[in-house]
Amino acid sequence: MSSSAKRRGRKGKCERRNWNKILCLLLTAAVLIFCISAYSMISYFVKSNKENRAFEELAAEAAAGAGYTSLYEKNNDFFGWITIAGTNINYPVMYTPEDPEYYLSRDFDKSESKSGVPFLDGNCTADGGIYLIYGHNMKNGTMFASLLSYEEKEFWENHKTITFDRMDEKNEYEVIAAFYSRVYTIDTGGFRYYRYTDLSDADVFEEYMKNVKALALYDTEIRAEYGEEMLLLSTCSYHTKNGRFVVIAKRMK
């Protein structure tokens, strides 16, 4: 064999060894990525299940006869309880006006949580005529994820009532509208529904309802009158950047 042939042979063996090393590194990296992803997914579901069980226990405690007083004694940030029959929405509502988004990433016991707990806008007051509640849209269907089902009128027809209790007060609200929105930047126009935390002024109320009617996905033929107490539920939507989905209801007499 000539010297040039030998050199080509050695070069070929060297290239194959290098290629094998690259394949091993790629395989190792793929295995590591898979293991990390699997661990993250398992951890997510384990934590989600733990959080869901905790809320189920709170719901059972509230329904057992002790009522909401026991929940308030456990956590003085407790404000009320929101329920929509036939959905996963069955949660406490928290209120921390000094730190409005405190429960955005905290559980009822104040521990760290991706789901958080639905919470009342810090600017809402008892005489403002509206309660504005925020909740996450979780991929596993918990928190306020079910709200987006109100996109379809058929769903609304079967889920017209929302219950929002406060301590010793049981309250039912009738859904009047649902619409898509977003959080607007300073230089863009649009109906900033999240700025309306006081509807005690008649003109403000009329302006508010005019905007709601214009954005409503369908006509429920239910109208709200000035002086009626309103309930607004807001969650994230991914139809656009900083998107939101909103459901509005009025208190039933």
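These legends describe close-up views of a predicted model.

**View 1**
K74 counts as exposed because its relative accessibility is 55%, and the cut-off for exposed is over 50%. The count for the model comes to nine salt bridges.

**View 2. K250 and E228 pair up in a salt bridge.**
Their closest N and O atoms are 3.5 Å apart. K250 sits in strand β8, residues 243-251. E228 sits in the loop between α4 (202-215) and β7 (230-237). Are K250 and E228 buried or exposed? Both are buried.

**View 3. R166, E169, E229 and R251 form one network.**
Salt bridges that share partners join these residues. One of the links runs between the side chains of E169 and R166, at 3.4 Å from N to O. How accessible is each of these two partners? R166 has a relative accessible area of 9%, so it is buried. E169 has a relative accessible area of 33%, so it is partly exposed.

**View 4. T87 lies in the loop between β1 and β2.**
Strand β1 covers residues 78-83, and strand β2 covers 90-94. T87 counts as buried because its relative accessibility is 19%, and the cut-off for buried is under 20%. Which backbone atoms does the side chain of T87 meet? A polar atom of this side chain lies 2.8 Å from the backbone oxygen of I84. The T87 side chain also reaches the backbone nitrogen of I89, at 3.0 Å. Leaving aside neighbours within four places in sequence, T87 is in contact with S146, F155 and H159.

**View 5. T197 lies in the loop between β6 and α4.**
Strand β6 covers residues 172-182. T197 has a relative accessible area of 11%, so it is buried. Which residues does T197 touch, not counting those up to four places away in sequence? They are D121, N123, C124, G128, I130 and L132.

Methods
Residues numbered from 1 in each chain as written. Predicted model: local features only at pLDDT ≥ 70, side-chain atom pairs only at ≥ 80, totals over all residues. Heavy atoms only, no water. Salt bridge = Lys/Arg side-chain N within 4 Å of Asp/Glu carboxyl O. Buried < 20%, exposed > 50% of the residue type's maximum accessible area, 1.4 Å probe, protein only. Helix = DSSP H or I, 4+ residues; strand = E, 2+ residues; numbered from the N terminus. Contact = heavy atoms within 4.5 Å. Polar contact = N/O pair within 3.5 Å; in protein donor to acceptor, adjacent residues only side chain to side chain.
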